[in-house]
Structure formats: structure tokens, C-alpha cells
Amino acid sequence: MTNKEDHPPMPSLMPLLDGRRSALVAPGVYDAFTAALAAEAGFECLYLSGASIAYTRLGRPDLGLVSVSEVADTVALIRDRVETPLIVDADTGFGNALNVQRTMRTFERAGASAIQLEDQTFPKRCGHLTGKSLISTAEMVGKIKAAADARHSADTLICARTDAIAVDGFDAAMERAARYVEAGADILFVEAPRDRTQQETIGRTFGDRVPLIANMVEGGHTPVSAADDLAALGFRIVIFPGGLARAMLRQARAYFASLKQHGSNAPFRDRMADFDELNDAIGLGEMLGTSERYMQ
């Protein structure tokens, strides 16, 4: 039996969602540094994207290559740095219902406020890639129930995602979504609706039953909309999983090209933080002050 002491209270997502009519914007982060910057910017919730971990830690696409331990390590490092509620992408749960239970316990202990499970087979693919396949509805229902039974606190929310639109069509996705809500999902994520009509139907059908996630992917299958517009359709959480990685890609390429050309950072300097700005962002002064308190 797990001791209460093993699970210090985690930042809860529930107070941010209870009675909410506006949309909660959750930027995608992939490490403690980006999480700290997002929290500094004032975001109330963060989204740890499995895709972004693959992009930045492995330098690879979102094809199920990231392991459960790599995600858990990232969660723990983020939680050590910020207290902002964190939705964690758990992909397929990394296996069957038993694996899902272990994933839930591991991620919750590391500091997740919510875990997201999807109904793809393993290895999964990014929700906006083609060629996906699905487990049965019954198996996914079992995974949701297994996660609920394994969590230490009811404040740790379960987000159920269906990728069925791309595989079996919109009606099948809606049928699956209804089953997942009945199984106990706290948050619902119908991935990659193709147009506003589908978004409206999702919001109208489920918006009063459970918080809904909208996923904004530049160049993906879903029309990119502002958070206020999505809130009007019934969505309560809007995630931007890979936006930061795509922004970093352009900036990093420009930096490396400049350095290669000039052999110096001087031409790029006005686009960079200086030494003191970086140290301020990563909390050098605070940490040195803490250290001094323990000096004899």
C-alpha cells in the first residue's frame, strides 16, 4: 500500500476547470527550462507533449519512440522547477491496462496533474499523421477504468483521446468518445476534427458533460482558431503541443547559419539574451540566496 507521504499534494487542474466558460490555454513544453518560461509568461496550465519530447530529446518524429521512463523523468524535472498544473501526454499508456496502471502511478508520483491516454495501437503516431490504427473501444474503456483505479488522488485527472476520425470517420469517433466519458474520463479529446462543423458537433454533444480539449497544430488537419473562438464552441482547454518546437526550429537554424557564416555571435546578438538575462530567467539569484542561508 502506498503511503500518503510518497505523494505530496500536486497542483490541481480541477479548480481551473470548475465552472469555467472561457478556454484554458496550455502551451506545449518539453523540459524544465521551457516550462519555467511558460510559467513566467503567466500561463495557468502547461502541456507536456510526447511529440515535443521526441522532437527535442531524440531529434525524431512522433512515432512512439519515446519511453515511459523518458516522459516520467521529464515530468519530475519540470515539477521540481514549477508548480503550474501539468497535463502529461501518456500516449497509449505504453501497453495494456496493466501498463496503463503503472504509467498512471509513475506519472502521478512524478508530478502530473492529468494524464492523457489515446486509443491508438502501439507504436502510435502523431494525431495529425496518416496511417494510424486503433485498439478496440472495449480495450480503451478498460484502460480508462484501469487508470482511474490506479491513481492515488481523484484530483489527478484522466484525459481520454480518440483518433478515430482519421481511421473510421467522425461518427465512429463520436461513438467512442461517448463510451470513454461513460467509462470515467474526466476530460475528452476528440483528435483532429476536419472543420468547424465537426468542432461544433463535438462541443454541442459533450461540452456540458465534460471539459473538452482542442488541439491546435499549424499545418494539421484541424482549422487553427483562437482560444476565445474555441471556447464559444464548447472547448475548455486549448493545447499548442508543438508550437514552441516549431518556433525554436526557425530561431536555431537562423542562429547556426549566422554563426557558421560569421564565426561570431555579434551579427545575431540583438536576437539573443545576454548572460545576465539568461541567469535571471533560470533563477540564479534566488538559488545563490538560498545557498547563502545554509552557509556556516
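The legends below describe close-up views of a predicted model. Residues are numbered from 1 along each chain as its sequence is written, and side-chain values use heavy atoms, with hydrogens and water left out. Local features need pLDDT of at least 70 and side-chain atom pairs count only at pLDDT 80 or more, whereas totals for chains, interfaces and linings use all residues.

**Figure 1. The largest nonpolar core and the surroundings of Val 71.** A nonpolar core is a set of buried Ala, Val, Leu, Ile, Met, Phe, Trp, Tyr and Cys residues joined through side-chain atoms within 4.5 Å; buried means under 20% relative accessible area, exposed over 50%, and partly exposed in between (1.4 Å probe, protein chains only). Among the 36 residues of the largest core, Leu 48, Val 71, Val 88, Phe 107 and Leu 117 touch the most other members. Helix α6 (residues 137-150) gives the most to this core, namely five residues. Helices (H or I, at least four residues) and strands (E, at least two) are DSSP runs, numbered from the N terminus. A second, separate core has 24 residues, including Ala 23, Leu 134, Met 174 and Ala 227. With neighbours within four places in sequence left aside, Val 71 is in contact (heavy atoms within 4.5 Å) with Leu 48, Ile 53, Val 66, Val 88, Asp 89, Phe 94 and Phe 107.

**Figure 2. Thr 92 in its loop.** Thr 92 lies in the loop that runs between β3 (86-89) and α5 (97-110). The residue is buried, with a relative accessible area of 1%. Its side chain reaches the backbone nitrogen of Phe 94 at 3.3 Å. Apart from neighbours within four places in sequence, the contacts of Thr 92 are Val 100, Leu 117, Glu 118, Gln 120, Thr 121, Phe 122, Lys 124 and Lys 143.

**Figure 3. Helix α9 and its packing.** In α9 (residues 196-206), the residues Gln 198, Gln 199, Thr 201, Ile 202, Gly 203 and Phe 206 are buried. These buried residues pack against α7 (164-168), α8 (170-183), β6 (187-190) and α10 (227-232). At the start of the helix, a side-chain oxygen of Asp 195 reaches to within 3.2 Å of the backbone nitrogen of Thr 197.

Figure 4. On a 1 Å grid over the protein atoms alone, a cavity is a set of points where a 1.4 Å probe fits but cannot get out, and a pocket is an open set with protein on both sides within 12 Å along at least five of seven lines; lining residues have an atom within 4 Å of a point. Grid points are joined across faces, edges and corners, and a volume is the space filled by probe spheres set on the points. The structure holds one cavity of 30 Å³ or more, and the volume of the largest cavity is about 50 Å³. Its lining includes Val 190, Gln 199, Met 216 and Phe 235. Strand β7 (residues 213-215) supplies the largest share of this lining, three residues.

Figure 5. The largest pocket has a volume of about 470 Å³. Of its 13 lining residues, Phe 33, Leu 37, Met 272, Ala 273 and Leu 278 lie nearest its centre. Helix α11 gives the most to this lining, with four residues. The second largest pocket holds about 260 Å³ of space, and its lining includes Ala 32, Asp 80, Arg 81 and Glu 286. The elements that give two or more residues to the lining of the second largest pocket are α4 (68-81) and α13 (284-293).

Definitions and conventions: A polar contact is a pair of N or O atoms within 3.5 Å; within protein, one must be able to donate a hydrogen and the other to accept it, and residues adjacent in sequence count only if both atoms are side-chain atoms.
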